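Biologist: Could you take me through this model with some care, beginning with a loop residue and then moving on to charged pairs and strand pairing?

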Amino acid sequence: MNKKYAFFKKGLAAFFAIACGMSAAHAAYIVDTKIGQALLGNSGDATELAAMEAAAGDNNLVLDFKINVNTAALNPGTTDQWFLDVTPDTPGYFLLKFGIGNTNATADTFFFQNIGELTKLVWANSQVQFLSGGNCSSNGNDSACNIGRLSHYNGYYGTAVPEPASLALLGIGLLGMGAARRKTAKISYA
């Protein structure tokens, strides 16, 4: 019985070692959720914030950062995904703004909810109408990729707005404290 158990234990350990080694070699970041797109043209921060709030369905977003740079990296182990490292920021939402001159693109601004590694903004070329490039090779020759169309990216976070149930609970608690104080005041004067 001990030999069978030892064999099973060694086999299980080998399986986990192989599985962990494979996942480490091809550890891609989770692609974030695209929640909308728009053709905003030469827009400013206020226009982009309003469009992001509409796409997110949240009128309480705040611009956390705006980066005017067109550099991004290929998502590890992929040839059609990109990421931006925004450490230490962890925005809940972000937008990518691209130049669309001489393309067939119908949008220049793409809105995302950050769902994976919160310090990474991750998207697939297909989510942005292939404006970040395409046909990237996996052997390190990325000359076919064109991240140069990326104009800027913004990160947003939501402000904490209490839910109605939380407000009701707070109100009940305050009423209870008021009633208890009133009862204590009646007892001390009696």
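**A loop residue, charged pairs and strands**

Modeller: Bear in mind that this is a predicted model. Gln127 is found in the loop that runs between E7 and strand E8 (150–158).

Biologist: Is Gln127 buried or exposed?

Modeller: The cut-off that matters here is 20% relative accessible area, under which a residue is called buried. Gln127 has a relative accessibility of 15%, so the residue counts as buried.

Biologist: Which backbone oxygen does the side chain of Gln127 reach?

Modeller: Leaving aside neighbours within four places in sequence, Gln127 is in contact with Val31, Asp32, Lys34, Phe110 and Phe112. Among these residues is Asp32, and the side chain of Gln127 comes to 3.2 Å from a backbone oxygen, namely that of Asp32.

Biologist: How many salt bridges are there?

Modeller: Side chains of opposite charge can pair when their charged atoms come close. The rule asks for a side-chain nitrogen of Lys or Arg within 4 Å of a carboxyl oxygen of Asp or Glu, and by this rule the count of salt bridges comes to 3.

Biologist: Asp45 forms a salt bridge with which residue?

Modeller: The closest N and O atoms of this pair are 2.9 Å apart, and the partner of Asp45 is Lys66.

Biologist: Which side chain meets that of Asp85 in a salt bridge?

Modeller: The N to O distance in this salt bridge is 3.5 Å, and the two side chains are those of Asp85 and Lys120. The pair links distant parts of the chain, with Asp85 in strand E4 and Lys120 in strand E7, 35 residues apart.

Biologist: Are Asp108 and Lys97 buried or exposed?

Modeller: Asp108 forms a salt bridge with Lys97, in which the closest N and O atoms are 3.7 Å apart. Asp108 lies in the loop between strand E5 (93–98) and strand E6 (109–113), while Lys97 lies in strand E5, so the pair ties together parts that are 11 residues apart in sequence. As for accessibility, both Asp108 and Lys97 are buried.

Biologist: Which strands are the edge strands of the open sheet?

Modeller: The open sheet is formed by 3 strands in the order E3-E4-E7, with antiparallel pairing. An edge strand pairs on one side only, and this holds for strand E3 (73–74) and strand E7 (120–124).

Biologist: In E7, what is the bridge partner of Gln81?

Modeller: Strand E4 (residues 81–85) pairs with E7 in the antiparallel sense over 5 bridges. Gln81 falls within the residue range of E4, and its bridge partner in E7 is Ala124.

Biologist: Which residue in E8 does Phe98 stand opposite?

Modeller: E8 is joined to E2 by 6 bridges, the two running antiparallel, and in this pairing Leu63 has Tyr156 of E8 as its bridge partner. E5 and E8 also pair in the antiparallel sense over 6 bridges, and the residue in E8 that stands opposite Phe98 is Leu150.

Definitions and conventions:
Residues are numbered from 1 along each chain as its sequence is written. This is a predicted model: local features need pLDDT of at least 70, side-chain atom pairs count only at pLDDT 80 or more; totals for chains, interfaces and linings use all residues. Side-chain values use heavy atoms; hydrogens and water are left out. Two strands pair if DSSP finds at least two bridges between them. Helices (H or I, at least four residues) and strands (E, at least two) are DSSP runs, numbered from the N terminus. Buried means under 20% relative accessible area, exposed over 50%, partly exposed in between (1.4 Å probe, protein chains only). A polar contact is a pair of N or O atoms within 3.5 Å; within protein, one must be able to donate a hydrogen and the other to accept it, and residues adjacent in sequence count only if both atoms are side-chain atoms. Contact means heavy atoms within 4.5 Å.
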